[in-house]
Amino acid sequence: MLKHWFVTQLQLGFAQATFTALTALLIVWLAKWRGIHLFGEAAIAMSRGIVQIVAVGSILVLLLHGPAWTGAIVLVAMMVAAGQISARRAKGMPGAFAVSTWAIACGSGSVIALMTWIGVIDTAITSLVPVGSMIIANAMNTNGMALNRFRSEVLAHVGEIETALALGAQPQQSVAPYVQSSFEASLIPALDSMRSLGIVWIPGLMAGMMLSGARPLYASIYQFVVLAMIFTASGLTSLVSTILIRARIFTPAQQLALQPGR
Amino acid sequence: MLLEAKHLGREVNSKILLQDINFSVAAGEVIAIIGPSGSGKSSLLRLLNRLDEPTSGTVYFEGKDYRETPPRELRCKIGMVTQRAYLFPGTVAENINFGPNQRGESLEREALEKLLSQVSLAGFADRNVTNLSGGEAQRVSVARTLANKPEILLLDEPTSALDETAKSDVEALLQSIMHERSLTCILVTHDEAQAMRMAQRALILQAGRIVKDGFIKEVLHA
């Protein structure tokens, strides 16, 4: 229907974006009836999302004509931004931004570097930036989930953690079960994506490759390759972030600094 | 003196929890810290176990500023039993061995059974902790702390979460352990009758300050 009203591709794109954003906000508005207040956060997130993706799209158009190393700069900037965004899920945890940025850089950076070196990711900016951004975005989500879960687990088990400390446990030993459960929980979406690949969903990358003329079989295999890279990067990110954050919730005198209401 | 608190204080977010706390504890002495809710009793025990950091003053343990002793070593020497047992998933034996395991040690089966007999839980070693009653869980918690061979035992309302029967059982158990081991104890309680039965001396806390310190009968009947 929209195609009849909007002639140019750009007009059509903005119309589609407006319509989908309005339907998303409608759901958020309905959720308000159930006492779930997400309107402000959802509206800001969507506004930011559209502005950012249009801006990045415009920059990418310029970068496509630039040297290959500019792709690396874009990816590093994405990692820092991802660190800042996912650190918000770790409210009250000291050094969450530094931990998130280092974890995402280690997790996604090492996978992108290795896979580019091996030849799994093409060094052309048109391949490196989109595939790299998918890996970074998923590492960001995993990191946010790991930190958020870890924070909730620690706050729910202050008694157990302090009992372990009072019995002479090392701080890392006292939170070991919560590091483990946070790590496991953060990888559930990446595992489910892999498990349901091709059955529940056909990812955009694969559809895009087929539309641009790639052989369907290669597009399918490459989609698995991307998901495997996402899983590896997410796992490494979660591992690094939970290890780094566990040290920061204790004082130098091995006291639990993350406490309810403090 | 085994333990001495000097001008001890703690303030969190500009709120004073404890202020200018001064007292000393001799070896073998049993002291009760009594006071209304929010008077700072548990905060004081947390400072003594160094689960929290004093914002003023310090504690001298065996004549030495306790901040000079590594926290893990200090916490083994000044053991603490909390209001709730907070047992770790697994068996009774695994819980009791938790402290020794942190130092790479393990209680011999005979020592473990002896400790369990002391807390009236003989034969419970292989039982899963999920199958214990509240009183049994608190006994395991006491045995778990004792497995670290503490020189001072801090008891933070150890019977307040229990029903009447379990409460008197655990209290009797603690009394017998204190007597047998001549253990130095600092007991936090809001129950004056319990304090009278268990301690020789009492500190009365009010709004984060010690307002009375002396023989328990004199302090409570003054």
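Trainee: What makes strand β7 (residues 152-156) and strand β8 (residues 184-189) of chain B a pair?

Mentor: Two strands pair if DSSP finds at least two bridges between them; β7 and β8 of chain B have five bridges, in the parallel sense, so they count as a pair. One example is L154(B), whose bridge partner in β8(B) is I186(B). Keep in mind that this is a predicted model, in which local features need pLDDT of at least 70 and side-chain atom pairs count only at pLDDT 80 or more, while totals for chains, interfaces and linings use all residues. Residues are numbered from 1 along each chain as its sequence is written, and chains are lettered from A and ligands numbered from 1 in the order in which they are written.

Trainee: How many helices and strands does chain A have?

Mentor: Chain A has 12 helices and zero strands, where helices (H or I, at least four residues) and strands (E, at least two) are DSSP runs numbered from the N terminus. Its C-alpha trace spans about 70 × 50 × 35 Å along the principal axes.

Trainee: How do you know that the buried residues of α9(A) line one face of the helix?

Mentor: In α9 (residues 176-186) of chain A, the buried residues are Y178(A), V179(A), S182(A) and S186(A); buried asks for 20 or more other C-beta atoms within 10 Å of a residue's own, exposed for 12 or fewer, with partly exposed in between. Seen down the axis of α9(A), they fall within an arc of 105 degrees, so they line one face; the arc is that of the directions from the helix axis to the C-beta atoms. Their cover includes α6 (125-156) and α12 (216-248) of chain A. Over chain A, 32% of the 262 residues count as buried.

Trainee: Which residues make the contact of chain A with chain B?

Mentor: Residues are in contact if their C-beta atoms, placed from the backbone, lie within 7 Å, and here 16 residues come from chain A and 20 residues from chain B. On the side of chain A, helix α7 (residues 158-166) gives the most, with six residues.

Methods. Contact = placed C-beta atoms within 7 Å.
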